[in-house]
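Me: I have a model open and would like to learn how to read it, one feature at a time. Could you walk me through it?

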Amino acid sequence: MAGVYIHIPFCKQTCSYCDFHFSTSLKSKEAFVSSLIHEIELQINYLGKDTIIQTIYFGGGTPSILSAAELDKIFKTLYKNFNISNNAEITLEANPDDLSSEKLQQLKQSPVNRLSIGIQSFFEDDLKLMNRAHSAVQAEKCIIKSQDAGFENITIDLIYGTPGLTNTNWKKNLAKVFSYGIPHLSSYSLTVEEKTPLESHIKKGKIKPVDEHQSAEQFLILMEETTKHGFEQYEISNFGKPGFHSQHNSNYWKGIKYLGLGPSAHSFDGNSRQWNVANNFRYIQSISENTIPAEKEILTTEQKFNEYMMIGLRTSTGISLEKVQTAFGEDYLNKLLAEAKNYMDCSKITLKSNHLVLTNSGKLIADRISSDFFV
Ligand code: SF4
């Protein structure tokens with residue numbers, strides 16, 4: 001079993017907080033699609049010939065920027081070259097301004113069966129601050145239109161901790177999710193990444209800095225409200241109704257191998273990780289020369305352990321002590337238990353069925369705890 005991730009490196013405009021790889025010039029879109037198709041053919045053996053593909057995820061960038069014909073070409077090549085499961089979860093990230101009724105009908109006729117919509121907020125002020133391409137009205141309309149088109153498996157993204165977002169408005173944002181019956185939510189606090197327009201606006205005093213305390217309060221509200229409405233927090237930032245957890249991301253967290261296609265996409269084969277160049281021109285150029293433009297690293301035992309600490313702790317399953325012992329040995333287990341004891345003593349971590357699991361207050365400092373577990 002394996003997954004495929006496809007990075008579509010184009011966006012209509014630059015969201016102020018974003019540090020993903022994308023270009024707002026669409027001039028090379030056609031050439032990119034041809035290169036992507038060629039990369040699929042070049043990477044046919046990466047996951048092993050008979051491996052069944054259980055999940056496909058179109059991320060970006062903005063995958064909904066692809067035309068129906070472009071998407072069709074990509075799917076034809078994927079199905080021709082890979083062994084894709086009949087019940088594969090196939091997710092496409094979409095921005096609200098792209099989701100016209102016509103576009104949704106086209107998507108419905110494609111193999112896409114899960115939509116991930118970048119709503120971020122239902123308030124105009126937040127959307128302006130983030131420089132999103134859509135309006136608050138479009139944010140709501142696209143949900144109704146997606147459901148009318150027959151999409152049931154919908155996830156939306158929401159951002160909290162935005163300067164100016166009150167707890168009352170944050171609760172209103174969450175109430176919209178519940179009122180539309182959306183079965184999955186990914187929610188992140190606004191982080192100020194280096195060299196983004198948001199960082200520059202804050203430095204110049206045009207926007208207030210992000211308030212850590214407000215962000216923590218809104219995270220607690222998020223956990224409380226989603227629990228009340230029947231969502232399971234199966235990963236720190238991911239909340240799903242039973243049966244609607246993201247299979248693609250869950251497989252990442254279980255360490256299942258995946259192939260990443262497109263500029264900046266990462267791949268993992270169980271032992272090594274590789275990542276394509278984050279540059280559209282160089283990607284297209286290299287693929288035209290039949291060369292995957294990737295750097296590769298073989299993961300050391302320490303790296304594998306640290307990754308397991310970071311990822312395992314973020315999931316509701318937690319860190320399996322049995323797995324630590326069998327995969328990494330007694331010394332790793334003893335060191336981990338010694339570090340974990342401090343956090344268990346102050347109720348940031350609990351021991352459940354031989355797994356170390358974060359409590360809600362522990363989730364607020366998850367990164368600090370996992371870095372203390374690193375070797
Ligand atoms: S649409 Fe997504 S990828 Fe594009 S700039 Fe905005 S946040 Fe970044």
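Me: Which residues does S116 touch, not counting residues up to four places away in sequence?

Reply: Contact means heavy atoms within 4.5 Å. By that rule S116 touches Y57, T91, L92, E93, A94, T155 and D157, leaving out residues up to four places away in sequence. Before we go on, note that this is a predicted model, where local features need pLDDT of at least 70 and side-chain atom pairs count only at pLDDT 80 or more, while totals for chains, interfaces and linings use all residues. Residues are numbered from 1 along each chain as its sequence is written, and side-chain values use heavy atoms, with hydrogens and water left out.

Me: Where is the place of S116, and is S116 buried or exposed?

Reply: Strands (E, at least two residues) and helices (H or I, at least four) are DSSP runs, numbered from the N terminus. S116 sits in strand β4, residues 114-120. For burial, under 20% relative accessible area is buried, over 50% is exposed, and in between is partly exposed (1.4 Å probe, protein chains only). S116 has a relative accessible area of 4%, so S116 is buried.

Me: Let me try K29. What is K29 in contact with, beyond its neighbours within four places in sequence?

Reply: K29 contacts F10, I65, L66, S67 and E70. Its place is in helix α1, and K29 counts as buried because its relative accessibility is 13%.

Me: At what angle do α1 and α2 pack?

Reply: Two packed helices are described by the angle between their axes and the distance between the axes. The axes are lines fitted to C-alpha atoms, for helices over the stretch in contact, and angles run from 0 to 180 degrees between N-to-C directions. Here α1 (residues 29-42) and α2 (residues 68-81) pack at about 5°, with axes 9 Å apart. Angles under 35 degrees count as roughly parallel, over 145 as roughly antiparallel, 65 to 115 as roughly perpendicular and the rest as oblique. The two helices α1 and α2 are therefore roughly parallel. On the α1 side, K29, V33, L36, I37, I40 and E41 meet E70, K73, I74, T77, L78 and N81 of α2.

Me: Which classes of residue make that contact of α1 with α2?

Reply: Ala, Val, Leu, Ile, Met, Phe, Trp, Tyr, Cys and Pro count as nonpolar, Asp, Glu, Lys and Arg as charged, and the others, Gly among them, as polar. The contact of α1 with α2 has 6 nonpolar, 2 polar and 4 charged residues.

Me: How do α11 and α15 pack?

Reply: Helix α11 (residues 301-314) and helix α15 (residues 366-373) pack at about 150°, with their axes 9 Å apart. They are therefore roughly antiparallel to each other. F305, M309, M310, L313 and R314 of α11 make the contact with A366, D367, I369, S370 and F373 of α15. By class, this contact has 7 nonpolar, 1 polar and 2 charged residues.

Me: What surrounds the ligand?

Reply: A residue is near a molecule if one of its heavy atoms lies within 4 Å of it. The ligand is surrounded by C11, Q13, C15, Y17, C18, F22, G60, G61, T62, N95 and R132. This shell divides into 5 nonpolar, 5 polar and 1 charged.

Me: How far apart are F178 and T226 in sequence and in space?

Reply: F178 and T226 are 48 residues apart in sequence and 8.5 Å apart in space, C-alpha to C-alpha. F178 is found in helix α6, residues 167-179, and counts as buried at 16% relative accessibility.
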